Amino acid sequence: MTRILIVYQSKPAIVPGLEKGFQNAGLETISFLANEYHHWVDKYIFHAINKWAHNLRILKKGKFLFSKHPLTHWNYLNTELVKFYKKNNPDYVFFIHGIHYSESTLTQINAPKIAWLVDPVQDPKRLALFSTNLDWYFSYSKIAIRILQELGFKNTSYLPHAVDQNEFRHLPEARKSIDISFVGKHSVHREKFILAALEVTNKVSLYGSRWVAPALSKPHLLKAIKGIECYGEKLNQLYNSSKVVLSIIAKPENVLETQSGINMRPYEILASGSILFSDNYDELHPELINNQNLILFNNVDEFKQSLSELLNDSQKIERIAVAGRKFIKGRFSYDEMAKTILAKFREIQNSGSQ
């Protein structure tokens with residue numbers, strides 16, 4: 001049986017759905033999760049020393065001690081991945097970026113290598129670094145693809161996120177006790193919209209990292225924080241319990257260009273049967289239409305006005321949520337994604353054998 005190695009991390013939870021997709025296509029899957037290969041010396045000793053060196057300004061920001069030591073996280077990660085690859089000898093290797101690996105590591109992996117960018121990286125130098133020594137490079141961002149092509153890297157194409165529609169599904173019996181919910185790490189831009197939502201309603205549920213510190217001086221924001229992590233069934237329950245679910249791709253306010261790259265949240269929200277309330281983005285599907293199967297906003301004032309109108313019109317919420325659920329049904333599945341990736345691996349394999 002053909003075996004594929006998936007290289008990523010445990011969160012966000014992309015790997016389980018993709019494993020199912022490959023297994024349904026008849027492949028055996030194995031995974032290398034970077035968070036499981038963090039040596040205690042780096043985690044507890046090197047990290048603490050670097051932190052103190054930065055705080056005392058002995059070391060410039062962006063510089064780190066022990067960078068050449070074999071137990072530093074990145075060095076250790078590369079060593080362990082090569083060991084894992086040689087032990088398991090997969091037919092294909094699929095990287096998800098995020099984390100990139102060294103040229104030395106990639107040259108020791110002889111199997112066809114494809115990667116997929118799922119982080120908002122648009123810096124040409126980083127994109128060139130990520131794509132070097134790979135047979136193909138997928139990206140969830142069309143802007144990143146264009147930049148790579150302009151750099152002369154032609155083996156690249158668009159691959160959107162997927163959703164497990166068995167995990168994210170409509171729960172008709174769920175009580176809509178939350179007016180608006182949001183899941184994602186803190187940014188100054190996102191905070192503006194959460195604060196704006198709190199001006200409209202106090203029934204706001206917020207999950208994500210790095211929110212507590214900025215909320216300490218804002219009691220109403222602190223009250224909205226319900227936790228740091230929300231995954232799987234708990235996340236589906238949250239969406240189903242919310243009248244409106246917010247997705248912010250993090251386009252800076254007043255920037256006219258739409259943001260490039262859709263994370264997994266919009267598809268999960270649509271599949272849960274809740275109304276998707278989002279900023280605009282470059283990869284918006286042509287059948288996703290504002291005020292028909294989702295609600296889009298461009299700035300804070302528009303956001304507040306739309307949210308207020310929605311919360312006073314339950315029929316509109318239900319109509320748009322149902323239309324959104326119909327749009328996503330049968331689309332953006334992990335099975336579909338796995339077939340696309342597998343077809344590219346086979347194309348690479350066939351071209352190499354000629």
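**Strands, a helix and a core**

Reader: Which residue in S5 is the bridge partner of Ile114?

Author: The bridge partner of Ile114 in S5 is Trp136. Strands (E, at least two residues) and helices (H or I, at least four) are DSSP runs numbered from the N terminus. This is a predicted model, in which local features need pLDDT of at least 70, side-chain atom pairs count only at pLDDT 80 or more, and totals for chains, interfaces and linings use all residues. Residues are numbered from 1 along each chain as its sequence is written, and side-chain values use heavy atoms, leaving out hydrogens and water.

Reader: How many bridges join S4 to S5?

Author: Four bridges join strand S4 (residues 113-117) to strand S5 (residues 136-139), and the two run parallel. Two strands pair if DSSP finds at least two bridges between them.

Reader: What is the order of the strands in the sheet?

Author: The open sheet of six strands has the order S2-S1-S3-S4-S5-S6, with parallel pairing. Its edge strands, S2 (28-33) and S6 (156-158), each pair on one side only.

Reader: New topic: which residues have the most contacts inside the largest nonpolar core?

Author: They are Phe32 and Phe95, in a core of 29 residues. Such a core is a set of buried Ala, Val, Leu, Ile, Met, Phe, Trp, Tyr and Cys residues joined through side-chain atoms within 4.5 Å; buried means under 20% relative accessible area (1.4 Å probe, protein chains only).

Reader: And which element gives the largest share?

Author: Helix H3 does, with five residues.

Notes:
Buried < 20%, exposed > 50% of the residue type's maximum accessible area, 1.4 Å probe, protein only.
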